[in-house]
Amino acid sequence: MSFQLHLTGHVKSVVDQTLPGLVADLVASGVTAGDPTLWGEAAEDEASKRLGWVEAVSVSRPLVPEIVALRDELRSKGVTRIVLAGMGGSSLAPEVIAQTAGVPLVILDSTAPGQVLAAIDGDSESGGLSQTALVVSSKSGSTVETDSAKRAFEAAWRDLGIDPVERIVVVTDPGSPLDESARAEGYRVFNADPTVGGRYSALTAFGLVPSGLAGADLTELLDEAEASLLEVAIDSPDNPALVLAAAIAGGDPRRDKLGLVTDGTHIVGLPDWIEQLVAESTGKEGTGILPVVLLPVSPEIEAKPADLQIVRFVDEANEFHFRERHEGEILVSGSLGGQFIVWEYATAIAGRMLGINPFDQPDVESAKAAARGLLDARPEPSAPAFAVDGVEVRVSDPALAVSGTVAGVLDALWAQVPEDGYVAIQAYVDRLELPHLEGLRELIAADSGRPTTFGWGPRFLHSTGQYHKGGPANGVFLQILERTDVDLEIPGRPFTFGQLIEAQAAGDASVLSKGHGRPVVTITLTDPQPEVLALFEAAQ
């Protein structure tokens, strides 16, 4: 399937003005050649270590037979259920690959105790722990969520008399703490290319090992990607990566919010992967592009705020335009492998246009450090500003709580959104138990009148979390927590999964409010199932 972009209206004018400069500056061929000077002197050192993704297709080819052989070996032993413990780029790309291929892959990118237990226990349809293998993916080898999941699975297998060495597959950078410990313990290890950052790792071992073990056709995916490589390498106005970069990062004033809409494409979940790629790459030094994952009927589609550019994913962009005519939008179609390549190139080029380093993430560590501090000190939770029918409300500024009602607090929070701002909903809950909570996004987008993002905590901390702290200071934040009797020990750690997710939420709220002066409202559901309905009513 050829990659197609169809542009009309304002965005076409932006590209017409911006594209010639990108072609003349030989940006595309420079990226392909691995030129680290493209992003300026300050970024040169980091860029010199982070451009391996342009060669990922050829580097990853030899992995395919190894992954297929391991998949066959596991299946011969009755191991048919694959769970992936990973965060950010380590989980989002495999999730898209597996969903699009229609193969089952359980994603564990949460520290919610109920979600961890469900991943361990399995079910009658997918199989239980005795039929499960775990892929542990961590580039740094020190990710607390991934390490905690590994410890919990190891203990559960030992309780069944199963040696975890037979069931755990590790993907990490060579020489990382996880690489060294896993090899010492006898685990099967796949090393990824250390010159590829996590969010650019879709076509490396991080994307391929879990999805391949789950049954995805990796050769087809790499063939799709390879077919796009020549297009994105040429300094030409027909280069789709240059066109896309110009469309999302050009213009004056620039539309700095990107509405990502899936509308009839065969690819499942691509906007979630793009969200972390673009937000974490560009959200720094007070600038950035904020992806907003939308439905075809989302309020922002009708409202058309001036700072929002719609990107619509379809199966045939040119044909879709002539049939549907979505003026002013970016219509995109292509294979999954092609989408990975084009968006990676376009995001790196957009970083150059914005004058930032697209390969670092300077603000991600702050929330982790705050969570570690809370786990060490273990302070008592702060008293709520008020509680209504079991729903506890905490606020960064007492003025937000003067109404004494949940609806009033939300209205006060929306009033803090500037004209060019956004709302971020952060749900630190078991999303298997409260999947409908994601629907709150639509109500809040309508109620606040501004683009609204939704992130499951703590996974968004490894993606849009960078934008929240490093991007423009125009966001307001609604945290949703739950109180539950379900908890799970983390073997070898002095804290539980319940304490970990609580510390992650509190740590991020502290960094946002005290460190960056952002308005934060934290709503804790003490009886989640009935109280979530009250939250929906308040949001309306």
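Colleague: Which helix gives the most to the lining of the second largest cavity?

Modeller: The model is a predicted one, and its second largest cavity has a volume of about 30 Å³. Among the residues that line this cavity are Glu145, Thr146 and Ala149. With 3 residues, the helix that gives the most to this lining is α8, residues 144-159.

Colleague: How many charged residues does the lining of the largest cavity have?

Modeller: The largest cavity holds about 60 Å³ of space, and its lining includes His10, Val11 and Val14 as well as Arg254 and Arg255. Divided by class, the lining has 5 nonpolar and 4 polar residues, and the number of charged ones is 2.

Colleague: Which element gives the most to the lining of the largest pocket?

Modeller: About 1200 Å³ of space lies in the largest pocket, which is lined by 44 residues, with Pro381, Arg394, Leu481, Glu502 and Ala506 nearest its centre. The elements that give two or more residues to this lining are the helices α17 (364-377) and α21 (497-515) and the strands β14 (391-395), β17 (475-482) and β18 (520-525). The element that gives the most, with 11 residues, is α21.

Colleague: How many residues of the lining of the largest pocket are nonpolar?

Modeller: The lining of the largest pocket comprises 44 residues. Of these, 10 are charged and 12 are polar, while the nonpolar residues number 22.

Technical notes:
Residues numbered from 1 in each chain as written. Predicted model: local features only at pLDDT ≥ 70, side-chain atom pairs only at ≥ 80, totals over all residues. Heavy atoms only, no water. 1 Å grid on protein atoms, 1.4 Å probe; cavity = no way out; pocket = protein on both sides within 12 Å on 5 of 7 lines; lining within 4 Å. Points joined across faces, edges and corners; volume = space filled by probe spheres on them. Helix = DSSP H or I, 4+ residues; strand = E, 2+ residues; numbered from the N terminus. Nonpolar A, V, L, I, M, F, W, Y, C, P; charged D, E, K, R; others polar.
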